[in-house]
Amino acid sequence: MSHTPSLPASRYQRYATTMSATHLKAMQDHARQNPEEFWLEQARRIHWHCKPSKGFRGSFHGDVSIKWYEDGVLNASVCCIDRHLTTRGDQVALISHREGRPEAEQITYSMLHERVCRLANALTDLGVEKGQRVAICLPMISEAVVAMLACARIGAVHVVLFGGFSAEGIAERLMDSGAVLAITASEAKRGSKTVPFKQTMDEALLKCEQKSTVHSVLVVRTSEAAVPMLPGRDYDYHDFVDTFEPDFVPVVVSAEAPLFMLYTSGSTGKPKAVVHATGGYMVWAAYTMGMVYAQQPGDVLWCTADVAWITGHTSVVYGPLANGGTTMISDSLPNAPHAGRWLDLIDQYKVTMLFTSPTAVRAMMADGDDVVQAHSLATLRLLGVAGEPISSDVWLWYHDVIGRGKCPVVDTWWQTETAGIVLGPVPGAQPLKPGSASTPLPGLELAIANTKGQIQHNATEGSLCIAGSWPGQARTIWRDHDRFCKTYFSMVPGFYFTGDGAKRDEDGYYWITGRMDDVINVAGHRLGTAEVEDALATDHRLLESAAVGIPHPVKGQALIVFAIIRKDATTQPTEAGIKLLVADTLGRYATPETVYLVPDLPRTRSGKIVRRLLRKIASDEIDSLGDLSTLTDQDIVQILCTAVHEKKVEHIMLPSSLPAQQARA
């Protein structure tokens with residue numbers, strides 16, 4: 001755990017505090033003493049056609065059952081749009097920026113209502129019915145947000161697919177979900193690359209032709225290039241959709257009706273679809289975003305996540321819109337077409353809340369402080385991160401350089417399965433600890449279990465678990481409830497097992513140490529990968545690193561490190577020097593077996609490093625790498641395989657140890 005001093009809530013005078021420490025404590029006490037009453041109060045954050053009288057009903061034991069607000073009736077699009085029309089109709093709901101275009105779309109709540117209703121009518125005309133699945137595979141354009149809300153309006157279940165998936169990856173998900181209609185784009189630019197959305201969708205549908213239930217495809221033309229269209233199946237999105245009426249009576253559904261399915265890769269790489277229910281999810285999205293990202297009039301929240309991930313669902317679409325805020329999307333990269341590109345957009349669109357990944361923060365770091373100082377960033381009042389642990393050094397850079405030391409940094413922890421923030425500070429109401437995901441939001445009780453599944457108390461370390469349900473909890477895995485029960489509820493009976501490791505300090509603050517399958521056991525010593533990566537972050541010549549464990553005949557597991565050197569590093573770190581840094585920081589037992597200096601790491605579009613692949617590559621198991629479709633750059637896999645192979649050859653030809661004086665180079 002970091003020894004960096006905590007930063008008091010009183011420091012942030014620039015941040016308009018929406019909750020005091022006393023109020024936060026009262027909420028925590030209320031949730032513990034009367035959870036049913038507390039969660040029914042939180043349900044008032046959204047619009048119900050028929051308000052619920054029940055909170056949670058179910059059990060974490062046996063054939064796990066999770067139900068929230070089951071006697072309530074609602075429509076998610078009404079929660080996000082209609083309820084705001086009389087008071088916020090002319091307020092901008094969505095800013096949609098596309099790289100290469102001079103101005104972003106500024107879509108008001110009234111305009112969003114019209115667009116959603118037109119598409120709802122079009123989907124209904126094409127035969128999509130309540131409960132059926134619709135696949136959405138779009139770049140970060142306004143139609144992606146409209147498509148999600150239109151599905152919700154007709155009671156259909158949306159399945160948003162990442163645009164970087166391969167044809168095989170999309171085909172697998174189309175067949176598994178049973179989608180009846182797909183919405184895609186002609187193509188998209190991602191930096192210097194062109195992503196062929198329509199071509200990939202065509203290939204996917206061809207691959208699953210015998211098993212696919214997709215009968216119609218809507219295509220958003222995103223460029224002037226010709227787009228092959230299959231008559232009778234393919235429809236030009238705007239030519240077709242824009243002819244329909246701009247009004248549609250919403251289909252009300254029960255609270256437990258599915259709102260969406262979202263695919264997430266398991267430890268084996270086989271994707272699984274997590275199912276979220278309408279009522280509980282909408283309450284959770286409004287509650288968690290309202291607590292941590294309390295948008296005030298005039299606030300512009302830019303969450304840089306793709307809508308294909310849970311962060312995009314909750315922090316781009318449903319959370320901000322349910323709370324009546326302004327949300328921004330962009331298809332730009334942090335440093336393309338030039339360094340500081342995201343900073344340009346913050347100033348141009350007066351972004352007040354920036355929510356991104358630690359990977360993106362490190363990318364901005366790599367551009368250098370001078371690039372940041374050339375921008376005003378005066379509108380920023382809150383900074384956020386999620387997706388993976390952030391080292392205290394990177395946290396402090398984000399806070400001091402991007403935030404000028406005046407913006408609270410909210411480091412949050414959550415998962416696809418939790419649907420929204422679980423751990424995170426309430427800005428202005430509690431101190432911040434750099435590198436810590438802080439404490440659970442009111443209504444959540446977290447626990448840490450040891451390797452025997454026993455709950456540990458006070459300051460401790462182990463497996464992060466959640467005691468009791470919460471409204472946004474996933475209900476099941478699509479068509480595999482048994483897998484759901486075994487994956488999340490068998491490790492620690494009566495608790496939800498997150499799969500992540502964590503430390504809890506004496507103040508009750510949590511520090512995420514990484515996935516439990518990333519905990520390395522070196523000769524009897526348990527070592528969290530985040531600990532190793534935090535140690536490496538103190539060498540500012542390194543931009544980023546990833547630590548993994550691989551089988552070792554003597555130690556049980558050996559620690560392997562992949563590290564990226566900063567482009568502006570004046571001196572080059574060596575393998576021996578990196579080994580020594582880890583040993584000096586954590587102990588000799590933690591000395592890495594091998595260090596690979598590489599140009600990049602395999603990562604998802606949301607910025608997460610795919611350590612499963614690193615383990616396989618380092619173990620020379622390159623014939624069983626599994627699904628690569630979620631990667632932003634599949635070429636990096638071959639580059640890493642080559643680096644590992646060359647290092648093995650080098651080790652055969654060179655001595656395995658170096659004199660101490662050489663090691664300190």
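I began with strand E8 and found 5 bridges joining E8 to strand E11 (residues 216-220), the two running parallel. Strands here (E, at least two residues) and helices (H or I, at least four) are DSSP runs, numbered from the N terminus. I count two strands as paired if DSSP finds at least two bridges between them. The model is predicted: local features need pLDDT of at least 70, side-chain atom pairs count only at pLDDT 80 or more, and totals for chains, interfaces and linings use all residues. Residues are numbered from 1 along each chain as its sequence is written, and side-chain values use heavy atoms, with hydrogens and water left out.

**Entry 1: strand E8**

I noted that Ala 185 stands opposite Val 220 in E11. E8 also pairs with strand E6 (residues 133-137) in the parallel sense, over 4 bridges, and there Ala 135 stands opposite Ala 182 of E8. I then checked cover, taking buried as under 20% relative accessible area, exposed as over 50% and partly exposed as in between (1.4 Å probe, protein chains only). Of the 5 residues of E8 (residues 181-185), 5 are buried. Leu 181, Ile 183 and Ala 185 point one way, while Ala 182 and Thr 184 point the other way.

**Entry 2: the whole chain**

I recorded 21 helices and 31 strands in the chain. The radius of gyration is 24 Å, close to the 26 Å of the globule rule for 665 residues, so the chain is as compact as a globular protein of that length. This radius is taken over C-alpha atoms, and the rule is 2.2 Å times the number of residues to the power 0.38. The C-alpha trace spans about 75 × 60 × 55 Å along its principal axes. I found that 59% of the 665 residues count as buried. With contact meaning heavy atoms within 4.5 Å, 71% of the contacts between residues at least 6 apart in sequence join residues at least 24 apart.

**Entry 3: Ala 502 and its sheet**

I looked up Ala 502 in strand E25 (residues 496-504). Its relative accessibility is 0%, and Ala 502 therefore counts as buried. Beyond its neighbours within four places in sequence, its contacts include Ile 448, Leu 464, Tyr 510 and Trp 511. Thr 513 is 11 residues away in sequence and 5.1 Å away in space, C-alpha to C-alpha. The bridge partner of Ala 502 is Gly 462, and strand E23 (residues 460-467) pairs with E25 in the antiparallel sense over 6 bridges. Both strands belong to an open sheet of 5 strands, with antiparallel pairing in the order E22-E21-E23-E25-E26. Strands E22 (455-456) and E26 (510-515) stand at the edges with a single partner strand each, so one side of each has no neighbour in the sheet.

**Entry 4: helix H15**

I found 8 of the 11 residues of helix H15 (residues 392-402) buried, so H15 is largely enclosed by the rest of the structure. Among them are Trp 395, Trp 397, Tyr 398 and His 399. The buried residues of H15 pack against several elements, including helix H12 (341-348), helix H13 (358-367) and strand E20 (409-411). Arg 404 follows H15 and has a positive phi, near 55°.

**Entry 5: Asp 125**

I placed Asp 125 in helix H5 (residues 109-125). Leaving aside neighbours within four places in sequence, Asp 125 is in contact with Phe 240 and Phe 244. Asp 125 and Phe 244 are 119 residues apart in sequence and 9.4 Å apart in space, C-alpha to C-alpha.
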